[in-house]
Amino acid sequence: MNLTKFLPLTETTFYILLALNEPGHGYFIMQKVEELSEGKVRIAAGTMYGAIENLLSRKLIEPFPGEDKRRKMYIITQLGKDVLRMETERLQSLLTAARKYI
Amino acid sequence: MTKFHIMGDNFEKEEKWINSWIKKGYRLKSASSFALGYDFTPYEYSGEELENGIGTVRMDFRHFSKKADFEEYKAMFEDSGWKFISKSLEDLCFFEKTSRDASDDIFSDDASKASRYKRLGMYYLTILLAYIPCFIVFPPFNIDVILHPGQCFYTPGLWEMTGLKFLEAFLSELPFAAARAYSGLLFFLCFLFLAAQTAHAFYVYKKSTSGSQNRI
């Protein structure tokens with residue numbers, strides 16, 4: 001499958017996929033993303049809910065069993081991991097090229 | 001204390017109107033089913049609360065087919081400092097900021113904020129499509145009948161009657177004749193109104209997201 005159709009990822013999506021390398025529910029993801037981005041990316045609830053719906057339908061994340069019925073948990077899928085890796089490599093090449101001039 | 005306000009089709013303007021009352025010392029208790037009446041209660045926010053935006057109301061438009069999904073949605077808002085106030089029109093949700101640390105809005109990027117309009121457009125479109133088969137039952141309208149509604153009175157010899165007898169016969173048939181003459185037209189006007197709302201919602205959505213599409 002050609003994964004390049006998923007790229008480039010928005011910052012929000014990139015951080016969410018990163019955060020879901022371990023299972024978590026909506027608010028947990030919001031907190032983890034803020035931590036991972038050192039406070040630069042703060043996702044609000046309305047945006048978060050929509051992003052989860054979107055990532056689920058594209059099969060980049062999947063439900064993860066949990067006990068709290070009101071706080072459903074999710075985790076990244078293998079496809080999600082592959083997309084994340086491709087994006088990281090793409091960003092890495094950009095950085096390597098940029099370092100020559102900046 | 002109920003205040004009436006016609007929502008129109010702009011979420012941002014509606015939020016602004018509601019929040020202007022918050023500043024005047026009111027709190028939104030609930031919104032009525034047809035988003036026309038808002039129930040406010042008098043409430044004294046402290047200066048510090050107002051500074052931090054406590055009491056700010058924001059709206060989202062989203063359809064939930066399962067109750068469990070709606071519960072998950074509300075929990076996400078609760079956890080991040082936004083209390084669910086009430087629902088209106090089945091899909092319109094109102095939230096109130098309760099925590100100082102919460103964000104100023106329930107959307108953190110333009111794309112997700114604009115997507116409300118897309119969902120609103122889909123809502124109107126669904127109703128609009130349901131109207132189409134109904135045109136088989138209510139054929140749009142007949143100009144001749146609208147201009148000369150008299151022919152919709154079927155009482156034999158009605159127009160030859162006089163005085164009280166005429167009035168009695170006329171009034172008793174009036175609602176039926178009016179329905180025969182104008183219901184098709186009314187139905188068609190509703191259809192046009194819905195079509196306009198659908199187009200407007202999608203238009204606003206396209207306009208709001210075209211900016212982000214210009215990413216170079």
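Is Glu38(A) buried or exposed? Glu38(A) is exposed, with a relative accessibility of 67%. The notes below concern a predicted model.

1. Backbone of chain A, Glu38(A). This residue sits in the loop between α2 (26-36) and α3 (45-57) of chain A. Its phi is positive, about 55 degrees, although Glu38(A) is not a glycine. Most residues other than glycine have a negative phi, and most peptide bonds are trans.

2. Backbone of chain A, Lys59(A). Lys59(A) also has a positive phi, about 60 degrees, and is not a glycine. Lys59(A) belongs to the loop between α3 and β2 (61-64) of chain A. With a relative accessible area of 57%, Lys59(A) is exposed.

3. Cis peptide. Leu7(A) and Pro8(A) are joined by a cis peptide bond, with omega about -5 degrees. Pro8(A) lies in the segment before α1 (11-19) of chain A.

4. Helix α2 of chain A. Gly26(A), Ile29(A), Met30(A), Lys32(A) and Val33(A) are buried in this helix. The buried residues of α2(A) pack against α1, β1 (24-25) and α3 of chain A, and also against α3 of chain B.

5. Contact between the chains. Chain B brings 24 residues to the contact and chain A brings 21. The area buried between chain B and chain A is about 1900 Å², and carbon and sulfur atoms give 50% of this area. Glu72(B), Met76(B) and Asp79(B) supply 33% of the area that chain B buries against chain A, more than any other three residues.

6. Polar links across the contact. Between chain B and chain A there are six salt bridges and twelve residue pairs in polar contact, counting pairs with both residues at pLDDT 80 or more. Helix α3 (residues 67-79) of chain B gives the most to the side of chain B that touches chain A, with eleven residues.

7. The pair Glu72(B) and Lys72(A). One salt bridge between the chains joins the side chains of Glu72(B) and Lys72(A), at 3.9 Å from N to O. The pair runs from Glu72(B) in helix α3 of chain B to Lys72(A) in the loop between β2 and β3 (73-76) of chain A. Glu72(B) is buried because its relative accessible area is 4%, under the 20% limit. Lys72(A), at 27%, is partly exposed.

8. Salt bridges within a chain. Over all chains, a search of the whole structure finds 25 salt bridges. In chain A, Asp68(A) and Arg71(A) meet at 3.2 Å, N to O. Asp68(A) is partly exposed at 37% relative accessible area, and Arg71(A) is partly exposed at 21%. In chain B, Glu96(B) and Arg27(B) form a salt bridge at 2.7 Å, N to O. That pair links distant parts of the chain, with Glu96(B) in strand β6 (residues 92-97) and Arg27(B) in strand β2 (residues 26-31), 69 residues apart. Glu96(B) is buried at 3%, whereas Arg27(B) is partly exposed at 24%. Salt bridges that share partners also join Glu12(B), Glu15(B), Arg58(B), Asp104(B), Asp105(B), Lys113(B) and Arg116(B) into one network.

9. Nonpolar patch on chain B. Leu164(B), Leu167(B), Leu171(B) and Leu174(B) make a nonpolar surface patch of about 390 Å². Leu174(B) is in helix α6 (residues 163-213) of chain B and is partly exposed, with a relative accessible area of 34%. An α-helix has 3.6 residues a turn, so residues three or four places apart point the same way.

Key:
Residues are numbered from 1 along each chain as its sequence is written. Chains are lettered from A and ligands numbered from 1 in the order in which they are written. This is a predicted model: local features need pLDDT of at least 70, side-chain atom pairs count only at pLDDT 80 or more; totals for chains, interfaces and linings use all residues. Side-chain values use heavy atoms; hydrogens and water are left out. Patches are made of residues with over 30% relative accessible area and no salt bridge: like charges are joined within 9 Å, nonpolar side chains (Val, Leu, Ile, Met, Phe, Trp, Tyr) within 5 Å. Accessible areas come from the Shrake-Rupley method with a 1.4 Å probe; for residues, only the protein chains shown count as cover. A salt bridge is a side-chain nitrogen of Lys or Arg within 4 Å of a carboxyl oxygen of Asp or Glu. Helices (H or I, at least four residues) and strands (E, at least two) are DSSP runs, numbered from the N terminus. Buried means under 20% relative accessible area, exposed over 50%, partly exposed in between (1.4 Å probe, protein chains only). Contact means heavy atoms within 4.5 Å. Buried area is the accessible area (1.4 Å probe) that two parts lose on being put together, summed over both. A polar contact is a pair of N or O atoms within 3.5 Å; within protein, one must be able to donate a hydrogen and the other to accept it, and residues adjacent in sequence count only if both atoms are side-chain atoms.
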